[in-house]
Amino acid sequence: MSRTRGPWNSKGVWLAGGALAAVLALTGYAVLSGDGGGSDTAGNGGATPSTSSSATASPAPAYTQPEDWTEPERWAALPRGSRTDKYGSQVGFPHTTEGAVGMMVTSTTGSVEPGKSALDGQMRVYRSYIRPGDHSDEAADQIEQSARETDRSLHQQMGVLEDSELPPGSYVRTTVIGYKVIQVSDDEVGSWLLAKVVTKKGELEKETSEYIRLVMGAVWESGDWKLSGQASARASQQGGSDKPGMATPGDAKFNEIGWTAIREAS
């Protein structure tokens, strides 16, 4: 079978290495335009990282979350998928802006822990959420290689052998806590996502957390929303040069920046 080079394989689309390696294990990919406008990371509490033209996230200045709670002005209970596909993923989101964002959030939320590897998570997202037109042998190979490297890195960081289970009580979990829509049309939505990544190396270890923001683009195709490399690149071009600051719900800056907080759907 010939190997085509699609939009998910182009330079600047794949984010590799550094603190975001575990995050990529959950999302299956990271979207960046050619000028590096896609994803950033911050330390505990959230911050506004420096802009980088490379695919690797840059260190962020320290940030202390305010003690006073400021109620978010914008809340959303995003819809869930109407069914579960053969890979165990929620699919069948409504043909609305909130439906598109709901799919993005669902595809980004996940965990790596004993019994759940980065490889399993990445390949599930690839099969369930990336539009079939963006599939290729090369893309699948890249995802598998990236996932295996992430698994190796996590085992090393947690002090266990590569072919063994992660320590009991260990995990890396990503939860999307906010979004900011960049552009909307009838069949395409681009949005920033704001997510919290929590890492714990074992039952007796303390949790550590960092915050990330990334651009995603989705298209309506064959009756469902699918992640699209081209749509993500367009969203990055439109919104990547004006990166929203990062702040957690409860911080007054969260409202000033224009994030919408996410409630758990019923």
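Modeller: Two strands are said to pair if DSSP finds at least two bridges between them. The model shown here is predicted. In it, strand 6 (residues 171-185) and strand 7 pair in the antiparallel sense over 13 bridges.

Biologist: How many residues does the hairpin use to join strand 6 to strand 7?

Modeller: The hairpin passes from strand 6 to strand 7 through two residues. Within this pairing, valine 176 stands opposite alanine 195 of strand 7.

Biologist: Why is strand 7 described as largely enclosed?

Modeller: A residue counts as buried under 20% relative accessible area. In strand 7 (residues 188-200), 12 of the 13 residues are buried, so the rest of the structure largely encloses this strand. For the protein chain, 53% of the 266 residues count as buried.

Biologist: Let us turn to helices. How is the length of helix 4 checked against expectation?

Modeller: The expected span is 1.5 Å times one less than the number of residues. Helix 4 (residues 137-157) has 21 residues and should therefore span 30 Å; its end C-alpha atoms are 30 Å apart, in agreement. The check also holds for helix 3 (residues 118-129), where 12 residues should span 16 Å and the end C-alpha atoms lie 16 Å apart.

Biologist: How does one read the pattern of burial along a helix?

Modeller: An α-helix has 3.6 residues a turn, so residues three or four places apart point the same way. The buried residues of helix 4 include Ala139, Ile143, Ala147, Thr150, Leu154 and His155. In helix 3, nine of the 12 residues are buried, so that helix is largely enclosed by the rest of the structure. Among its buried residues are Leu119, Met123, Tyr126 and Tyr129.

Biologist: What does histidine 155 touch, leaving aside residues up to four places away in sequence?

Modeller: Histidine 155, which lies in helix 4, touches Val160, Leu161, Glu162, Ser164, Glu165 and Leu166 on that basis. Its relative accessible area is 9%, so histidine 155 is buried. As for what comes after the helix, helix 4 is followed by glycine 159, whose phi is positive, near 75°.

Biologist: Next, the aromatic side chains. How many aromatic pairs are there?

Modeller: Rings pair if their centres lie within 6.5 Å, and planes over 60 degrees apart count as edge-to-face. By this rule there is one aromatic pair. The ring centres of tryptophan 220 and tryptophan 225 are 5.4 Å apart and the planes meet at 70°, so this pair is edge-to-face. Tryptophan 220 is partly exposed, at 23% relative accessibility, whereas tryptophan 225 is buried, at 1%.

Biologist: Which arginines lie over the face of a ring?

Modeller: Arginine 173 lies over the face of tyrosine 171, at 3.6 Å from the ring centre. Arginine 263 lies over the face of tryptophan 75, at 4.1 Å from the ring centre.

Biologist: Finally, what is the secondary structure of the protein chain?

Modeller: The protein chain has six helices and 10 strands. Among its contacts between residues at least 6 apart in sequence, 63% join residues at least 24 apart. Its accessible surface comes to about 12300 Å², with 47% belonging to carbon and sulfur atoms.

Key:
Residues numbered from 1 in each chain as written. Predicted model: local features only at pLDDT ≥ 70, side-chain atom pairs only at ≥ 80, totals over all residues. Heavy atoms only, no water. Phe/Tyr/Trp six-rings, centres within 6.5 Å; stacked < 30°, edge-to-face > 60°. Buried < 20%, exposed > 50% of the residue type's maximum accessible area, 1.4 Å probe, protein only. Lys NZ or Arg CZ within 6 Å of the ring centre and 35° of its normal. Helix = DSSP H or I, 4+ residues; strand = E, 2+ residues; numbered from the N terminus. Contact = heavy atoms within 4.5 Å. Areas by Shrake-Rupley, 256 points an atom, 1.4 Å probe, with all protein chains shown as cover.
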